[in-house]
Amino acid sequence: MKFVDFENQVCLVTGAGSPTGIGFNTAKILGGLGGKIAIVATTDRINERAEELKAEGIDAKGYIADLMDREQVKKLVAEVTEEFGKIDVLVNNAGMVQVGMEEDFSGFLDMTYESWDDAIDRNLNITFNVTKEVMPFMVEAGYGRIVNVSSVTGPVVSNPGEASYSAAKSGVVGLSRALAIEFGSKGITVNCVLPGWIGTASQTEAEAAGGLNTPLRRSADAEEVANAIVFLASKEASYITGESLVVDGGNTIQEYKGPAELYY
């Protein structure tokens, strides 16, 4: 007997284009536990991910959409619900940067208005846009699990050059709490997962070094974050809502974050 299963549940996972990313790993676990999987990304590589899931016997379909475009989001949700009939689980993972683009780490005084707006659109408004379209289906069904991928950056800590990203990811937590209160009586839970240093293909040398200075002395892999998302997306997490689960190897609880040889 499985501790959690997603039999007969339809799971929509955004930002699942990268083969090493959190979104695709989440989709793979959900599908392996019986879920029917709809995955989304901005490029046609999402079709490759869908084929990988199908090869493992998972009922999956890939969708291409720019989730900052609200008309495309409406079309996406309409297509998913037409194809699968419903959406039980929504994992809002899309954010960070679009493939082929670079993240802007300009200091606050050098930041452009366009850069600020883009970061808010990408890291906060996408979560709002997709949730806004999916929520009515969950309300009608009287059931739903929404897991929003935020970050420790913003809600817990921050870095120079990350004012817009921090503001957006903090906004995701605030949005999640408000929705958890508003829709809890409808059978819908809304939670956040806050990753720390994650060893995906996009991890920089500096980020990898940060991972080596956590109490666990390494970055997480995407599957470890995905496991946390999957639990919060399950029926078994029925009395957890409005929470933020930090997945950072204990990094934010330690005062000293320098090289181990100089302290502990």
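Is Tyr256 buried, partly exposed or exposed? At 22% relative accessibility, Tyr256 is partly exposed. The model is predicted.

## Aromatic pairs

The count of aromatic pairs comes to two. One of them joins Phe3 and Phe231. Their rings are stacked, 6.2 Å centre to centre, with 10 degrees between the planes. This pair links distant parts of the chain. Phe3 sits in the segment before β1 (10-14). Phe3 counts as exposed, at 61% relative accessibility. Phe231 is partly exposed, with a relative accessible area of 29%.

Tyr256 and Tyr263 also pair. Their ring centres lie 5.0 Å apart. The planes stand at 80 degrees, so the pair is edge-to-face. Tyr256 is partly exposed, whereas Tyr263 is exposed, at 58% relative accessibility.

## Packing of α1 and α2

Helix α1 spans residues 22-32, and helix α2 spans residues 45-55. Their axes come within 10 Å. They cross at roughly 25 degrees. An angle under 35 degrees counts as roughly parallel, and α1 and α2 are therefore roughly parallel to each other. The crossing of α1 past α2 is right-handed.

On α1, the contact is made by Phe24, Ala27 and Lys28. On α2, Arg49, Glu52 and Leu53 take part. The contact residues divide into three nonpolar and three charged, with no polar ones.

Notes. Residues are numbered from 1 along each chain as its sequence is written. This is a predicted model: local features need pLDDT of at least 70, side-chain atom pairs count only at pLDDT 80 or more; totals for chains, interfaces and linings use all residues. Side-chain values use heavy atoms; hydrogens and water are left out. Axes are lines fitted to C-alpha atoms, for helices over the stretch in contact, and angles run from 0 to 180 degrees between N-to-C directions. Helices (H or I, at least four residues) and strands (E, at least two) are DSSP runs, numbered from the N terminus. Angles under 35 degrees count as roughly parallel, over 145 as roughly antiparallel, 65 to 115 as roughly perpendicular and the rest as oblique. A crossing is left-handed if the near helix is turned anticlockwise from the far one by less than a right angle, and right-handed if clockwise. Contact means heavy atoms within 4.5 Å. Ala, Val, Leu, Ile, Met, Phe, Trp, Tyr, Cys and Pro count as nonpolar, Asp, Glu, Lys and Arg as charged, and the others, Gly among them, as polar. Rings of Phe, Tyr and Trp (its six-membered ring) pair if their centres lie within 6.5 Å; planes under 30 degrees apart count as stacked, over 60 as edge-to-face and the rest as tilted. Buried means under 20% relative accessible area, exposed over 50%, partly exposed in between (1.4 Å probe, protein chains only).
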